[in-house]
Amino acid sequence: MTAEKLAPAAPQTPQDRMKEIVALCKRRGFIFGASDIYGGINGFWDYGPLGVELKNNLRDLWWKSMVLTPPIGPDGEPVEIVGLDSAIIQNPKVWVASGHVGGFSDPMVDCKETKLRYRADHIMVYPVPEVLEDQEPHLAFVSGTAPEDIHKRMDKYWGKINGQTSKEYYSLENPLSLEKIVLTEYTKILGPDAKKPGSLTEPRAFNLLFETKIGAVASDDNIAYLRGETAQGIFINFKNVVDSSRVRVPFGIAQVGKAFRNEVNPRNFIFRSREFEQMEMEWFCDPNDKKITPQMWFDFWKVQRQKFWEALGLSGDNILMREHGQDELVFYSKGTFDIEYKFPFTDPGFGELEGIAYRTDYDLTQHQEHSKVKMEYIDPMDPKNKFIPHVIEPAAGLTRGVLALLCEAYTVDPSRPSGVYLNFHPAIAPKKAAILPLTAKDQHPVLATKLYLELREEFAVDLDIKQNIGKRYARQDEIGTPFCFTIDDQTVADGTVTVRERNTMAQERIPMDKVAEYLRTKIKRVI
Ligand code: ATP
């Protein structure tokens, strides 16, 4: 088969691109729908052999950048951050104190016709154009719907507008948000998946915490919650950490782990799921410190966090920092910034990847009030300086980060047999290298196995012996392996191997006993 025949057509739209990324993830073993063989379960995902490596790499680099080698602070001193792994299920009072039981809810809208439920702030409405006079319906969509699908539905329900198609007539720039629509008009709105107007209910609160029951008796007294975020585990251990270790304010506590939210509309692949992973750090600082104020720490962490994602390869054009407007801020926050990424399904817009919030002393004060345990910190240098620390929180999605890395890496290249390759930074790539004997005969597999056994002590590497070499290169391109080492007759004769570099496909020969060193240099520290 020729390269041209194997190569898929270049993606036409960001939506097509997303479909191809999802298909590649399944085909190559990055991410599968959970419970696949039973028809799946909405909002849950399983990470396959390569997905788990990719996720672990991101997790480990975050841990390194936070706990093992954190940055140098604004005063030139190294900052101190310690790790934590708290339980997923805690005393339910934790979630009452944090406000999640009372307030962790988004206003929801139900569709009486289809029984589907939507987050009210995710519904946008295109009103029927005035020239169609009293005609109905107004059309509702879930935000992120592709423009071509919107126009298709407009043409179907509205017909021609002044003799024009909706695309010629109607700008999609300013849809109305549902909150802007008075309830009496709801009868005229056609729900995103409905066939008849008037099926949407008014927005109602819906709690996102997953409930479970503890112990043998399933009564309401035994209700507990799967954690909705990893952060609360950190706040409730603040005193334990201060009392048991030598950390002194300012310092941070970092945690990576699962979080669960009964999201109403899990969608966009792993972007919004019901079980996901977070990487959160709570930075505790002194509100009375005049030298480095909490605001200065806030500015410091904003810069550090953006640098982190850029160092992993998210390019400048695809990443931005957005400040929350006053109307978006919760009452206790003195500021929040989101690091946003241009995912194919948000393109040309952006979607949240990480939030950096100045949370004041809200969380510790809440836990102090509810638990009656004092959260005050006494400055060891000045016992008169007692305070509840202020908190700066960089809260990132690990699984959402995996998606951003996959989207960024996906590169179409019709000139190669695979048609695409994943342009992962070597530190992120699930496999750092593949060892490929040219043939499955003679000394080739023997030498390849020897090299494989040596390299795997230090790196995640693949040994792939069968199939023609072109197909094996294609597979490695598709899974984003940065280097392939080929063992051939010349290896047997002079001990050199061919290195093929993924992005350029350039090849050179290097001595087999220098391969480990070669990889070490190429994968060198990124953060
Ligand atoms: P959103 O507005 O998208 O619901 P959020 O502002 O509620 O997110 P946070 O509570 O700040 O999110 O959580 C921190 C990070 O956790 C987010 O930036 C995101 O990367 C990740 N995250 C939150 N909810 C989900 C989810 N349902 N699926 C995957 N990742 C998520």
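This is a predicted model: local features need pLDDT of at least 70, side-chain atom pairs count only at pLDDT 80 or more; totals for chains, interfaces and linings use all residues.
**Stop 1: the ligand**

The shell has 16 residues, and the closest are Arg 261, Glu 263, Arg 272, Ser 273 and Glu 352. Colour the shell by residue class.

Now pick out the contacts. Start with Arg 261: a polar atom of its side chain lies 2.8 Å from a ligand oxygen. Go on to Arg 272. Its side chain also places a polar atom 2.8 Å from an oxygen atom of the ligand. Then show the backbone of Ser 273. A polar backbone atom there is 2.9 Å from a nitrogen atom of the ligand. Switch to a surface view: on its own the ligand has 590 Å² of accessible area, and the protein covers 82% of it.

Switch to cartoon. Which strands each supply at least two residues of the shell around the ligand? Select strand S14 (275-285), strand S17 (351-360) and strand S20 (390-397).

**Stop 2: Lys 302 and two rings**

Select Lys 302, Phe 298 and Phe 337. The charged end of Lys 302 sits over the ring of Phe 337, 3.8 Å from the ring centre. That charged end also sits over the ring of Phe 298, with 5.2 Å to the centre.

**Stop 3: aromatic pairs**

Next, show the aromatic side chains. The whole structure holds 27 aromatic pairs. Zoom in on one of them, Phe 30 with Phe 424. Their ring centres are 6.4 Å apart and their planes meet at 55°, so this pair counts as tilted. Trace the chain out from each ring. Phe 30 is in the loop between helix H2 (14-28) and strand S1 (31-33). Phe 424 is in the loop between strand S22 (420-422) and strand S23 (433-437). The pair thus links distant parts of the chain, 394 residues apart. Are these two residues, Phe 30 and Phe 424, buried or exposed? Both are buried.

Now select Tyr 126, Phe 141, Trp 158 and Tyr 170. Ring pairs link these four residues into a cluster.

**Stop 4: Ser 166**

Finish at Ser 166, in helix H7 (residues 166-169). Its relative accessible area is 0%, so Ser 166 is buried. The side chains of Ser 166 and His 151 are joined by a polar contact of 2.8 Å.

Technical notes: Residues are numbered from 1 along each chain as its sequence is written. Side-chain values use heavy atoms; hydrogens and water are left out. Rings of Phe, Tyr and Trp (its six-membered ring) pair if their centres lie within 6.5 Å; planes under 30 degrees apart count as stacked, over 60 as edge-to-face and the rest as tilted. Helices (H or I, at least four residues) and strands (E, at least two) are DSSP runs, numbered from the N terminus. Buried means under 20% relative accessible area, exposed over 50%, partly exposed in between (1.4 Å probe, protein chains only). A charge sits over a ring if NZ of Lys or CZ of Arg is within 6 Å of the ring centre and within 35 degrees of the ring normal. A residue is near a molecule or strand if one of its heavy atoms lies within 4 Å of it. A polar contact is a pair of N or O atoms within 3.5 Å; within protein, one must be able to donate a hydrogen and the other to accept it, and residues adjacent in sequence count only if both atoms are side-chain atoms. Accessible areas come from the Shrake-Rupley method with a 1.4 Å probe; for residues, only the protein chains shown count as cover.
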